[in-house]
Amino acid sequence: MCGIVGYIGHRDAYPIIIKGLERLEYRGYDSAGIVLFDGKDTNLAKTKGKVEDLKNKSNTTISIDGKLGLGHTRWATHGVPNDVNSHPHYSNSGDLVIIHNGIIENYESIKKALIKRGYVFHSDTDTEVLVNLIEEVKKQEGVKLGKAVQIALNQVVGAYAIAVFDKNKSDEIVVARLGSPLAIGIGENEYFIASDASPFIEFTNNAVYLEDEEMAIVRLGKEIKLRKIKDDAIAYPNILELQMNLEEIEKGGYDHFMLKEIYEQPRAILDTYRGRLLADQGLIKMAGIDQNLEKFLNANRIIIVACGTSWHAGLVAEYIFEDLARIPVEVEYASEFRYRNPVITENDVLIAISQSGETADTLAAIKMAKERGAFVFGVCNVVGSSIARETDAGAYTHAGPEIGVASTKAFTTQITVLTLIALKLAKEKGSISESKYHEFLVELEGIPAKVEKTLASNALLEDIAEVYKDSSNCLYLGRGYNFPVALEGALKLKEISYIHAEGYPAAEMKHGPIALIDEEMPVVVIATRRGHYEKVVSNIQEIKSRSGKIIAVVTEGDVQVTELADHVVEVPETSEPLTPLLTTIPLQLLSYHIALMRGCNVDQPRNLAKSVTVE
Ligand code: M6R
């Protein structure tokens, strides 16, 4: 969490930093700050609130044209979101300035030691402790900034992506990372620093992503030099050519990123299977699987680890893998898995699913599974992300940047990748008939068009949202493949509209949640023709006889549920394992409209951040 951005070069840093912060705001948005340095003086502006508030504040506080600047958008960990706790932070002498994404876990003991040496602290943050530790090391050891950063970082426990400069050295910024992402954009005699490449994509396509435990001195007129923080060993920068373009990270005429990303799903799903799904040849080509086929085919079981929406995609995958490929699957919350001493053997395959590729718990689960000998496969969206690099092999979802905090296209593209893998393994194992396999390939190829058709129910969902926008609670029910969709629908509603929502397997309702049902309770039921239809109809009857309000997602042409439900949203017919790719869409749109009508910030819901890089 938190977004960091920096610039050093020949341009005015202010507009670059501000635009960069706007693009990184998805990472945290409870406060923001900027510092500019013109080689002589610094100007600092920071404030509780969003980058928009920072812009207003900096109108009066920034009076210099710095060619070096740092900016920060915060998701608070240590210290409440207020002006003082916002970054950047100065050291006591005022010479060093830092921005930081992460947590310094042993900051209290360091702070006590520094206080004994006369240091004074103005904020409650761990970051102010770090910048003063660097200052103290620099003074005590008589070393330059880069060395001081290195020595200081060897004394801290925690996670960080930092950028720090010294007012006495106007041509360099020192950066380092452990556990939080940091990219350096390389321009013509200029450098950009950021949590991801979005702040500098219009200036350069060349970037270096720091690995964990690496640092760099970014100096004008010099090539980037990477060093290992632990032992000073030189590391060679791998300069990547970025594929991202500006259009992908802008709203493109939509009011919100979330809506844009919902509407992008037909294209995103197609991009996910493009070049992989060759229905006419009866082939699925996925390099990460092809090269490691034996690992998958000989696996005792597949363990899926993920968080949030990605965990829901993992649950859908459990059904598909077991149903089609007949491989036992366990789906685990990464945060639980990493701390519960699980039994992992060399014959286990662990699949980690993550849109951002930076989720701290998922990353930790991967590291543990690798140490214990499992083969680790990643399903990520962000190219070059930490999880993509940490895994033994993987498959990108190719959904394009997802900026709305609520995951939408990440979910459907993750399911697409996982379905391709399951089908490929099923074919190799012979657990699926040739004809069924071919049917699936053709059906999957047709999914983007069916998603497009499902999106046409947007106006209907807006009407339904109008009826339920003031509800306090909402229940989501589904069975089989659509049980995870119920969980996902409930998560979407609660995270952006702040309405309490629960997802349940429809049959579990009678074991407790049915007590909640009265005429005030909207119940969203996924009741597609191919998923235990008759059983779900019985569940709907149970809700109806207790006066609950039923919003049903049904297959086109449905009669039975349509007669019972208060509202009906149709999705096209498809084979059962693929239904989540369609039934999810109305639930995303329903949440979007309800949140909007309640005046909520759809793209940046309160207390949340897009990448959860702290545990
Ligand atoms: O980047 P990841 O997929 O690892 O993120 C996992 C969760 O933090 C994420 O899915 C979160 O639950 C979303 N806000 C849900 O919309």
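Tutor: Helices (H or I, at least four residues) and strands (E, at least two) are DSSP runs, numbered from the N terminus. The model is predicted, so local features need pLDDT of at least 70 and side-chain atom pairs pLDDT 80 or more, while totals for chains, interfaces and linings use all residues. Residues are numbered from 1 along each chain as its sequence is written, and side-chain values use heavy atoms, without hydrogens or water.

Let us begin with the ligand. There are 15 residues around the ligand (a heavy atom within 4 Å). Of these, S310, S354, S356, T359 and E495 come nearest. Sorted by class, the shell contains five nonpolar residues, eight polar and two charged; here Asp, Glu, Lys and Arg count as charged, Ala, Val, Leu, Ile, Met, Phe, Trp, Tyr, Cys and Pro as nonpolar, and the others, Gly among them, as polar.

Several polar contacts (N or O pairs within 3.5 Å) can then be located. The side chain of E495 places an N or O atom 2.4 Å from an oxygen atom of the ligand. The backbone takes part as well: a polar backbone atom of S407 lies 2.8 Å from a ligand oxygen, and a polar backbone atom of T309 lies 3.0 Å from a ligand oxygen. Taken alone, the ligand exposes 410 Å² (Shrake-Rupley, 1.4 Å probe), and the protein buries 91% of that.

Two helices, α10 (308–325) and α18 (483–497), are the elements that give two or more residues to this shell. Domain 2 (251–445) and domain 3 (456–603), with bounds from an automatic or database assignment, each supply at least three residues to the shell.

Now the backbone geometry. H398 has a phi near 55 degrees, a positive value in a residue other than glycine. H398 is placed in the loop between β22 (393–396) and α14 (409–429). Elsewhere, H87 and P88 are joined by a cis peptide bond, with omega about 0 degrees. P88 belongs to the loop that runs between β4 (68–74) and β5 (89–90).

Conventions
A polar contact is a pair of N or O atoms within 3.5 Å; within protein, one must be able to donate a hydrogen and the other to accept it, and residues adjacent in sequence count only if both atoms are side-chain atoms.
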